[in-house]
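Please open the structure in the viewer and keep the selection tool at hand.

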Amino acid sequence: MKNDSKAITCENVWKTFRLHTGQKLLRQHLASWFGEEPSNQFHALKGVSFDVAAGEGLAVIGSNGAGKSTLLSVVVGLTQPEKGTVKVNGRVAALLELGSGFHPDLTGTENVYLNAALLGFNERQTKAMYEEVVDFAGVRDFIDEPLRTYSSGMMLRLAFSVAINVDPDVLIIDEILAVGDADFQTKCRERILGFRRAGKTFLCVSHAKAALMELCDRAVWLDHGEMMLCDRIDSVFEAYEGRAAAQKQSAG
Amino acid sequence: MWRGDYLFLLKNLILKDFRVRYRNMSLGVLWSLLNPLVMLVVWSFVFTKIFTNPIRHFSLFILCGIVPFNFFTVAWSSGTTSLVDSAGLIKRVPIPREIVPIASVLSNCLHLAIQMSLLLVFVLASGVGVNVYWFFLPLIWALEIVFACGMALLFSAFNVYVRDTRYFVESSNLVLFWLVPIFYPFSLVPPRFKDLYQFNPIAALVLAMRDIVLEAKAPSHVLLIKLTLVSFLVLGTGLLGFRRLKPRFFDYL
């Protein structure tokens, strides 16, 4: 297959965090400027490689702290990997955290505009999709209320609705779909499947096996930053659950 | 990576800042009028009743000082904290980071417009009148905004790594208050410091404003050149420094 038909390509991606960053005092800053290497490093991703073809759905699974969210951040381009390359073709819409890019004091409408702008839409495109966003989210009665009065389910509805309606080539979702009610989850699933049939790419972190099995055909299993397996989703889940069961047994 | 409509994004970020700031205040935008008015009354009392001074149109004289000073200090300090305040955005949405401090500076421009209208009202009320040199005002204000953007870019990036930066900025603003000729005339500044003063863009702006509004003359070429030079130098430094520092924002926020 030609490389440009790949929506996402990750090659040997390493991401390292220094521990205790953000709490440095001047003394420590000076020490690091004068070349003292910080000793505490934490490898969140250790040589992860995979690719996703256009139209494919890829799930990222693993236990808490395995590096799933870090992987998504690297793919979205929020942070650069220390080693390796990440390539993404096309416009990306990412829902990495419920409420990111939203402001609690702004109304629903204002947040839709802000979010669309953040995702790269212009004014004309935003106006054109606005009605569709509100309809899909089903929050019309509250659209002029400040967002802080919304429940987390309503917030999710609005956020997802904007993200899917900005017509991205790649949709990336971290967990958050779980807070929607059954009706809305069904609506989202249908929308995502339609999205994939249109040749768009879907990348998702979740612990909800049933939903992932339906929406994705392949999966990446991360464990402590290492990629254990990247294969068809049923065989990855089989291996993942097999190991979880084995660990439980050896612990018990 | 991010390919979108920069202007639309900028507009929405500015609107957000603005709405968030005023929505929960009962007086809303009136605060931008109230602040300089209160200062004006207090200072006029101190400097015309307690100390006497020979300056004509003292309230105008003060306004020409306090409007630029207020704009810069608020823009600089809100710009400095802008990245940390928008950590959620920086960590979760792949927008070009530069736009955050710039939007923060520009969202103060509405204040500025309101305070300039206040100045205009005083100008008309005191009978000084508008003159043809007012055409210089957009130019010098644009340079001031360029300067403020540069400072906001540089210090917002520092503030991500060293959170004390904002206290440094606040203290500097207190010092700056005395180094800008707000309530004393430039003519009282000893000659050997005069050239230096003009390199301070805030002082330069105040001087230019007084020339235009009170003296009805064009600001001097030397002053304009210095203002332009310093403003763009600071913007360039800000952009370069920001670019050097931004790769690790994610780790530090």
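A nonpolar core is a set of buried Ala, Val, Leu, Ile, Met, Phe, Trp, Tyr and Cys residues joined through C-beta atoms within 7 Å. A residue is buried if 20 or more other C-beta atoms lie within 10 Å of its own, exposed if 12 or fewer, and partly exposed in between, with C-beta atoms placed from the backbone.

This is a predicted model, in which local features need pLDDT of at least 70 and side-chain atom pairs count only at pLDDT 80 or more, while totals for chains, interfaces and linings use all residues. Residues are numbered from 1 along each chain as its sequence is written, and chains are lettered from A and ligands numbered from 1 in the order in which they are written.

**Stop 1: the core**

Which residues touch the most other members of the largest nonpolar core? Select V75(A), A163(A), I172(A) and A148(B): these hold that place among the 142 residues of the core. Helix 7 of chain B, residues 136-161, gives the most to this core, with 16 residues. (Helices, H or I of at least four residues, and strands, E of at least two, are DSSP runs numbered from the N terminus.) In soluble globular proteins, nonpolar side chains tend to be buried together.

Next, centre the view on I172(A). Leaving out residues up to four places away in sequence, I172(A) touches L72(A), V75(A), V76(A), V92(A), A94(A) and L203(A). Contact here requires that the C-beta atoms of two residues, placed from the backbone, lie within 7 Å.

**Stop 2: chain A as a whole**

Select chain A, which has 8 helices and 9 strands. Its radius of gyration, 20 Å, is close to the 18 Å that the globule rule gives for 252 residues, so chain A is as compact as a globular protein of that length. The radius is taken over C-alpha atoms, and the rule is 2.2 Å times the number of residues to the power 0.38. The C-alpha trace of chain A spans about 55 × 50 × 45 Å along its principal axes. Of the 252 residues in chain A, 41% are buried.

**Stop 3: strand 1 of chain A and its partners**

Select strand 1 of chain A together with strand 2, residues 41-53: the two pair in the antiparallel sense over 9 bridges. Two strands pair if DSSP finds at least two bridges between them. Within this pairing, T16(A) has H43(A) in strand 2 as its bridge partner.

**Stop 4: a loop residue**

Select A66(A), in the loop between strand 3 (57-61) and helix 2 of chain A. Is A66(A) buried or exposed? A66(A) counts as buried because 22 C-beta neighbours lie inside 10 Å. Residues up to four places away in sequence aside, A66(A) touches L222(A), D223(A) and H224(A).

**Stop 5: where the chains meet**

Show both chains. The contact takes 28 residues from chain A and 25 residues from chain B. On the side of chain A that touches chain B, the elements giving two or more residues are strand 1 (6-18), helix 2 (68-76) and helix 3 (108-118) of chain A. Helix 3 of chain A supplies the largest share of that side, 5 residues. By class, the side of chain A that touches chain B has 10 nonpolar, 12 polar and 6 charged residues. (Ala, Val, Leu, Ile, Met, Phe, Trp, Tyr, Cys and Pro count as nonpolar, Asp, Glu, Lys and Arg as charged, and the others, Gly among them, as polar.)

**Stop 6: chain B and two of its helices**

Select chain B, which has 12 helices and 0 strands. Buried residues make up 40% of chain B.

Select helix 10 of chain B, residues 201-213, which reaches 18 Å from its first C-alpha to its last. Helix 10 of chain B is mostly covered, with 12 of its 13 residues buried. Its buried residues include P201(B), L205(B) and V213(B). Among the elements covering them are helix 3 (58-85), helix 6 (109-125) and helix 11 (221-245) of chain B.

Finally, select F18(B) in helix 1 of chain B, residues 6-23. F18(B) is partly exposed, with 18 other C-beta atoms within 10 Å. Beyond its neighbours within four places in sequence, F18(B) is in contact with S107(B) and L110(B).

How values were computed: Expected span 1.5 Å × (residues − 1).
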